[in-house]
Amino acid sequence: MTIDELLEQVRAGLDRVTPGEAFAAAEAGDALLVDIRYAALRERDGLIPGALVVERNELEWRLDPQGSHRAPEAVSHDLRVVVVCDEGYASSLAAASLHQLGLHRATDLIGGFQAWKAADLPVTAP
């Protein structure tokens, strides 16, 4: 299997969201945005206000509601998580991993942070 085939397969199991949909869900308190971009990208491009920043290599530990290293926001397996990477590729794989932990409402942002920024949605300066 190639990475393109894997992406296609995992995305088929996700209810991916657009930047506008993610913004509306977060504003309504219906979703937790989780930024998994590495520090250099966050420093270069800024942050999504209110998003939880979790490095990709810590994601599963921080979002497992039953884990000893969970973030305070990781309250239940029913939590709607929208994973944000830079362009919407790594976030698809990360969301699929969260599904394996039982976070059945996890998904990702189509186009990632760059699509968020292009849609003129709020970004804090780096």
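Asp 35 counts as buried because its relative accessibility is 0%; buried means under 20% relative accessible area, exposed over 50% and partly exposed in between, with a 1.4 Å probe and protein chains only. This is a predicted model, where local features need pLDDT of at least 70, side-chain atom pairs count only at pLDDT 80 or more, and totals for chains, interfaces and linings use all residues. Residues are numbered from 1 along each chain as its sequence is written, and side-chain values use heavy atoms, leaving out hydrogens and water.

In the table, a contact means heavy atoms within 4.5 Å. Helices (H or I, at least four residues) and strands (E, at least two) are DSSP runs, numbered from the N terminus.

| Residue | Element | Contacts, not counting residues up to four places away in sequence |
|---|---|---|
| Asp 35 | strand E1 (residues 32-35) | Arg 42, Leu 47, Ala 51, Leu 52, Val 53, Val 54 and Val 84 |
| Glu 60 | helix H4 (residues 59-63) | Ser 97, Leu 98 and Leu 101 |

Let's step back to the whole chain. There are six helices and four strands, and they follow the pattern α-α-β-α-β-α-β-α-β-α along the sequence. Of the chain's 126 residues, 43% count as buried. Among contacts in the chain with a separation of 6 or more, 68% come from residues 24 or more positions apart. Along its principal axes, the C-alpha trace spans about 35 × 35 × 30 Å.
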